[in-house]
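My entries follow in the order I made them.

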Amino acid sequence: MRSRKQTRRSLFFATLGAFLTARSFAAAQEDQPGTSDRPRKGDLLVVSEGDRAGGIIVPDDVRLGEAPLHAWPKDPKTSVVRNGSRLNEVLLIRLDPGEMDEETRSRSAEGIVAYSAICTHAGCAVTGWLKSDVGDNDVLKCFCHNSEFNPRESAQVVFGPAPRRLAALPLATADGSLTIAATFVGKVGAQQAG
């Protein structure tokens, strides 16, 4: 029978080994060429956080009425996830196509739209999905300075100091997965100080 000391030691080394393996995998992923490249036409989309991080996104993963799904683009040829720049993270939202303006609908796939997760005001992360301060619909919200964006109207600013809408990422579907149909429409992130 093993002593408690041996069991704790074994558990410690097993945990340490798992941690170092995960850390080296993450470091290897970050060092791969292409991780900071902007999203490209044909890229797949993968979940960026949580239990499913890295999993390829299919349209059924994005449900009507639910909070946005955070995603990274992934090169389908090299399998490199483009997570080397926070400017590449996108928010995926399924909307009722009847509520979208024509411009938004033209960039959607099966009612799913994609917008940059970076606010155009100060470059903070857009993390909120809640009722607007000025209307009845859910909007994307940046809690840094309370800017709100209407995803049904090309993520136009509906409240707060943001100077322009969020950049949109046109979507398509291919082989049952969500893919990127074109590069970002609009500038990603905040204005640079001049």
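**Entry 1: Ser-147**

I started at Ser-147, which counts as buried because its relative accessibility is 1%. The cut-offs I used are under 20% relative accessible area for buried, over 50% for exposed, and partly exposed in between, with a 1.4 Å probe and protein chains only. Ser-147 sits in strand E7, residues 147-150. I took helices (H or I, at least four residues) and strands (E, at least two) as DSSP runs, numbered from the N terminus.

Next I listed what Ser-147 touches, leaving out residues up to four places away in sequence. The list is Cys-119, His-121, Leu-140, Lys-141, Cys-142, Phe-159, Gly-160, Pro-161 and Ala-162. A contact here means heavy atoms within 4.5 Å.

**Entry 2: ground rules**

I noted that the model is predicted, that local features need pLDDT of at least 70 and side-chain atom pairs pLDDT 80 or more, while totals for chains, interfaces and linings use all residues. Residues are numbered from 1 along each chain as its sequence is written, and side-chain values use heavy atoms, without hydrogens and water.

pLDDT is the predictor's confidence in each residue, from 0 to 100. I read an average of 87 for the chain, with 82% of the residues scoring at least 70. Over residues 18-28 pLDDT stays under 50, and the model has zero contacts beyond four places in sequence for them.

**Entry 3: the chain overall**

I found two helices and 10 strands. From the N terminus the elements run α-β-β-β-α-β-β-β-β-β-β-β. The chain has 194 residues, and 42% of them count as buried. I also looked at contacts with a separation of 6 or more: residues 24 or more positions apart account for 53% of them. The accessible surface comes to about 10,600 Å², and carbon and sulfur atoms hold 53% of that. That area comes from the Shrake-Rupley method with a 1.4 Å probe; for residues, only the protein chains shown count as cover.

**Entry 4: the sheet around E7**

I went back to the strands. E5, E6, E7 and E8 form, in that order, an open sheet of four strands with antiparallel pairing. Strands E5 (128-131) and E8 (156-159) are at the edges with a single partner strand each, so one side of each lacks a neighbour in the sheet. Neighbouring strands are turned by 45 degrees against each other on average, direction ignored. Axes are lines fitted to C-alpha atoms, for helices over the stretch in contact, and angles run from 0 to 180 degrees between N-to-C directions.

I call two strands paired if DSSP finds at least two bridges between them. E5 and E6 (residues 138-142) have four bridges, in the antiparallel sense. Trp-129 has Leu-140 in E6 as its bridge partner.

I then checked Gln-156 in strand E8. Gln-156 is partly exposed because its relative accessible area is 35%. Beyond four places in sequence, Gln-156 touches Glu-148, Phe-149, Asn-150 and Arg-165. Its C-alpha atom is 7.0 Å from that of Leu-166, 10 residues apart along the chain.

**Entry 5: cysteines**

How many disulfides does the structure hold? I found one, taking a disulfide as a pair of cysteine sulfur atoms within 2.5 Å. Cys-124 and Cys-144 form the bond, with their sulfur atoms 2.2 Å apart. The S-S torsion is about -105 degrees, so this disulfide is left-handed. Cys-124 lies in the loop between strand E4 (112-116) and E5, and Cys-144 in the loop between E6 and E7, so the pair ties together parts 20 residues apart in sequence. Cys-124 is buried at 17% relative accessibility, whereas Cys-144 is partly exposed at 43%.

Cys-119 is buried at 2%, and Cys-142 is buried at 2%.

**Entry 6: the E9-E10 hairpin**

I finished on strand E9 (residues 171-174), joined to E10 by four bridges and running antiparallel to E10. Ala-172 has Thr-179 in E10 as its bridge partner. Two residues separate the strands of this hairpin, and Asp-175 in the turn has a positive phi of about 55 degrees.

In a regular strand the side chains alternate between the two faces of the sheet. In E10 (residues 177-180), Ser-177 and Thr-179 point one way, Leu-178 and Ile-180 the other, and all are buried.
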